[in-house]
Amino acid sequence: MESKCPIDKKWASEISSLLQPPTPVEVQEYFEGLISSRQYTGIKVNQNSQFGKGVHAGLDFKEGELVLKDQMLVGIQHLSNKIDCLVCSFCFRFIGSIELQIGRKLYLQNLGVSGCDDKGILTHISNEINSSNEENDYYMKDGNDLKKCTSSSSTEKVTLPKGVVESLMSGELPLPHSKKFPLPSPISCSGGCGEAYYCSKLCAEADWESSHSLLCTGERSESLSRDALLKFIQHADETNDIFLLAAKTIAFTILRYRKLKATYREGQNKYTDSADLDRSRLSLLLEAWKPISIGYKRRWWECVSLPDDIDCSDETAFRMEIRDLAFTSLQLLKAAIFDQECEPLFSLEIYGNMIGMFELNNLDLVVASPVEDYFLYIDDLPYLEKRKAEEITQPILDALGDGYSVCCQGTAFYPLQSCMNHSCCPNARAFKREEDRDGQATIIALKPICKGEEVTISYIEEELPFEERQTLLADYGFRCRCPRCLEEET
């Protein structure tokens, strides 16, 4: 398919340099530095000509033992999930309080909101959180109004008395035993967007410096156009929120480039001319792009799986539609955060390969809900204590319905996990333990792993029959030759 983006032609040489896979030496040096900076001692990344990168054990692991906790490079919470969960926009830890988590969800549920399609809703909630409502004091004192709402069935939804939801959000209605589940207090985005919240000032500053300063829709946003940014976000919400992850990656690279450029200029004398700076721009951009360059890439519209409802005869048309969708998203993003010195990043070739990298390498971002833990705790109380607590909690649980325990859900690119090769008989898997309460990827040994042995995970459901597994894995660009597949093939 010929590109329809003029930037692809204008910067063809630079784009080729950005998409050129790093050499084995460069890969080794990058991951050695990353592993050292994160103080991981149990793994190392090796590369060979047959399988490319692979993660190998640096020591022996027992079954069930933690192999790796990998911090994401970029990640997002799915837009639709923001209705259910208020989490830190950087580390994805739940924030606020049990009452705020429940009240916020009920508030949006009562409005009939099914996705984060109205920026003003979250701003309004923010105001509710920070205000008090004196007319609702009577529920707080004895909970009588809630007691009257108790349903005989946990599956039957009820309507709570007027003001209860707001009182939960404002903290005026404390729930029994909720202090046993403390959460960090929400810190608002310093840019004033009313959408991003954080568990700490450290996370707020890190997100601002890494990408959010360009993607914030608030008054202090450093984007070119907040209106254009809102249009981009709306398009991603209506089509595919993977575009938000791509935007985060481009913003991350632009801000890294600016820091590298500032450092470079500080190291030059005052007589350095603009020609010298121009010659350095590509090398600075390549350095800023380096964390992204490590990931395996293919154009998104070429590697995305063909949906079941698309006939094979329509495959070419489908893939062209996907490419056109990406181009529309890219043009909206360009209007919002374009940087002339980083223009190659706004090529369709870069955008498509970046999203393809996510398609092929991303891991689901999952963080368990403390709301589920809270209601399970109430359910396990001694009978009399449980009965008393449920006079308050049962109507709320009934109002929440079956979705009371929805976890934080999103997608993220993890640099070390993305190096793990597939096996249909893996020796490790991504698995969140009880103590894993943020967005880091957690890899656990499924069986004993010896020092020097490759750590493998399954990209698909390994219980599927041989041919189904091979069909699914073809979307990743390879045919599996693991010991199980070789045995089943014969």
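Author: Two strands are taken to pair if DSSP finds at least two bridges between them, and strands (E, at least two residues) and helices (H or I, at least four) are DSSP runs numbered from the N terminus. The model is predicted, so local features need pLDDT of at least 70 and side-chain atom pairs count only at pLDDT 80 or more, while totals for chains, interfaces and linings use all residues. Residues are numbered from 1 along each chain as its sequence is written, and side-chain values use heavy atoms, with hydrogens and water left out.

Reader: In what order do the 3 strands of the open sheet stand, and what is the pairing?

Author: Strands of a sheet pair through backbone hydrogen bonds, either parallel or antiparallel. Here the order is S4-S8-S7, and the pairing is antiparallel. S4 (74-77) and S7 (363-367) are the edge strands, each pairing on one side only, and the twist from one strand to the next averages 30°, where angles run from 0 to 180 degrees between N-to-C directions and axes are lines fitted to C-alpha atoms, for helices over the stretch in contact. S4 pairs with S8 (residues 408-413) over 4 bridges in the antiparallel sense, with Ile 76 standing opposite Thr 411 in S8. Helix H11 packs on this sheet and touches S4 and S8, in a direction that makes about 145° with that of S4; contact means heavy atoms within 4.5 Å.

Reader: What is the order of the open sheet of 4 strands?

Author: That sheet runs S1-S2-S12-S9 with mixed pairing, and its edge strands, S1 (43-48) and S9 (421-422), each pair on one side only. S9 and S12 (residues 454-457) pair in the parallel sense over 2 bridges, and Asn 421 stands opposite Thr 456 in S12. Helix H3 (residues 24-37) lies across S1 and S2 (52-57), running at about 175° to S1.

Reader: At what angle do the axes of helix H11 and helix H15 cross?

Author: Two packed helices are described by the angle between their axes and the distance between the axes. The axes of H11 (residues 242-266) and H15 (residues 348-361) come within 10 Å and cross at roughly 115°. From H11, the contact is made by Ile 242, Phe 243, Leu 245, Ala 246, Thr 249 and Ile 250, and from H15 by Tyr 351, Met 354, Ile 355 and Phe 358. These residues divide into 9 nonpolar, 1 polar and no charged, counting Ala, Val, Leu, Ile, Met, Phe, Trp, Tyr, Cys and Pro as nonpolar, Asp, Glu, Lys and Arg as charged, and the others, Gly among them, as polar.

Reader: Which residues have the most contacts inside the largest nonpolar core?

Author: A nonpolar core is a set of buried Ala, Val, Leu, Ile, Met, Phe, Trp, Tyr and Cys residues joined through side-chain atoms within 4.5 Å; buried means under 20% relative accessible area, exposed over 50%, and partly exposed in between (1.4 Å probe, protein chains only). The largest core has 54 residues, and Phe 346 and Tyr 351 have the most contacts inside it. H11 supplies the largest share of this core, 12 residues.

Reader: Is Phe 92 buried or exposed?

Author: Most residues other than glycine have a negative phi, and most peptide bonds are trans. Phe 92, however, has a positive phi near 70°; this residue, in the loop between S4 and helix H4 (98-111), counts as buried because its relative accessibility is 2%. Gln 39 also has a positive phi, of about 60°, in the loop between H3 and S1, but counts as exposed because its relative accessibility is 69%.
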